[in-house]
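Subject: Structure handover

Hello,

Here is the structure for your files. My notes on its rings and cores follow below.

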Amino acid sequence: MKNLNFIKKTLFFALIAMNILGCQNEDADLTEAKYSNNPNVFLDTFVGMNGDDFILFYGGSNFGSFSVDTNTGYESQASIRIDVPNANDLNGNYAGAILRVMGEGRDLTEYNALTFWVKASQGVTIGEFGFGEDFIDNKYITTLTNVSVGTAWKKVIIPIPDPSKLTKERGLFRYSAGTQGTGGNGYVFWIDEIKFEKLGTVAHPQATINYGNNTTQDLFVGVTSQVSGIQTVFNMPNGINMSVVASPYYFNFVSSNPAVATVSGSGLVTAVGQGSATITATFNGVNATGSLNINCVGIFVHAPTPTHLQQNVISIFSNAYNNVPVNYYNGYWAPWQTTISNDFTVLGDDILKYEIFNFVGMEFSSPTINATLMTHFHLDCFIPGTIAPGRQLRVIVVDFGADGIYGGGDDTRHSTTFTAPTLVSQNWISINIPFASMPGLLSKSHLAQIILEGGDGSVIYVDNVYFYKL
């Protein structure tokens, strides 16, 4: 933003002169560079920032939402003003940006919180405030979500999960605000006195991984899984415990058996050998609650490689073909669906993994598919657990009709049910259903959904979902 260029020409030439003179120093006079420990970000004006490149806007954010208001401030006459746009604003329907410094960043290790003052034109909830994002490393992102803001100035405190990590931080401040709580109507909020502080009133940090639960996950050799459910909690000056969303890089992760599973500094777990390993973490030297037990079941057996030519296939999900646009592979149709997705990739082969499987829907309605030239539907599935007596798998193909929308009155569908001996455990099952055997499907020119039903709450893998022509 050109109106935020605070570098004066005199300063520019002075810096050049200083650099030229500095080059004349003897090696003995050189000392190790020190990163600035300046805690101030905005105190009625930007502090310690050079140039007009330190404000970066998120994609889709309204560029015109940011300004400096010289008539309003916290105990002053200036502040940052954010005009959150209406939800239908074509220039961007939300306000979001970061303030960063270039170069090596700042040393913030002597502070334990980011603080600022904020107020709004009406009572609102701001989606996110935080720091640690610089569009470069984004390593130590810390976020406070759903911050309630009223019409009077309010001080916000965001604890730093582990100050010792911030030796050269570029991302000094970030915000993201929309109109979800205002019915799509825009509003204004102001921010002032943004700075890092050392507060004696932020105490007792606690942390969890895996949302504090101890769970088990089955993986194959070469498959990765991200430790999730990372939370940190701090006791605030008002005596209330506050949750802060912290980057996994603040944690130190450990695997009990690196020969089975390794874990990176970002919490990325990789299965490397058959067996079991437990992933735990510490935070500020204290054990985080929760753990992830990895059960590596060995080498993954891939589904049979499809042999149909691309021109004879309309693919929904397969690495063997170009896939058509798909709305989703798991719509999670509440309230009856229990199925959750935990998809994985093995050696470049993407696999749909459905856990707690009772039914699941894949939708490809934007646009629908014209399969009038196709003769069959195909999918490969793998059931790792035992096949319970009476277990069924129903495959439902749905056409949305000429109107191309669900429930428009012209939808048709056909269900094909499979049982043992077609359903087997620990082997890929290749299912091929001729369109000629789907009398309930009155049309195949507006195909839009594939639904799988009949799970018993166990696990099923799915690959190579497509229509084809013989």
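Leaving aside its neighbours within four places in sequence, which residues is Phe129 in contact with? They are Phe116, Val118, Thr142, Thr143, Leu144, Val147, Ile158, Phe173, Arg174, Tyr175, Phe189 and Ile191 (contact means heavy atoms within 4.5 Å).

This is a predicted model: local features need pLDDT of at least 70, side-chain atom pairs count only at pLDDT 80 or more, and totals for chains, interfaces and linings use all residues. Residues are numbered from 1 along each chain as its sequence is written, and side-chain values use heavy atoms, with hydrogens and water left out.

Cores. Phe129 belongs to the largest nonpolar core, which has 81 residues. A nonpolar core is a set of buried Ala, Val, Leu, Ile, Met, Phe, Trp, Tyr and Cys residues joined through side-chain atoms within 4.5 Å; buried means under 20% relative accessible area, with a 1.4 Å probe and protein chains only. Phe129, Tyr175, Phe189, Ile191, Ile194 and Phe251 touch the most other members. A second, separate core holds 34 residues, including Phe418, Ile433, Leu447 and Phe467.

Rings. Phe129 also sits in a cluster linked by ring pairs, with Phe116, Phe173, Tyr175, Tyr187 and Phe189. Rings of Phe, Tyr and Trp (its six-membered ring) pair if their centres lie within 6.5 Å; planes under 30 degrees apart count as stacked, over 60 as edge-to-face and the rest as tilted. The whole structure has 35 aromatic pairs. Phe220 and Phe344 have ring centres 6.0 Å apart and planes at 35°, so this pair is tilted. Phe220 is buried at 10% relative accessibility. Phe344 is buried at 7%.

Regards

Technical notes:
Buried means under 20% relative accessible area, exposed over 50%, partly exposed in between (1.4 Å probe, protein chains only).
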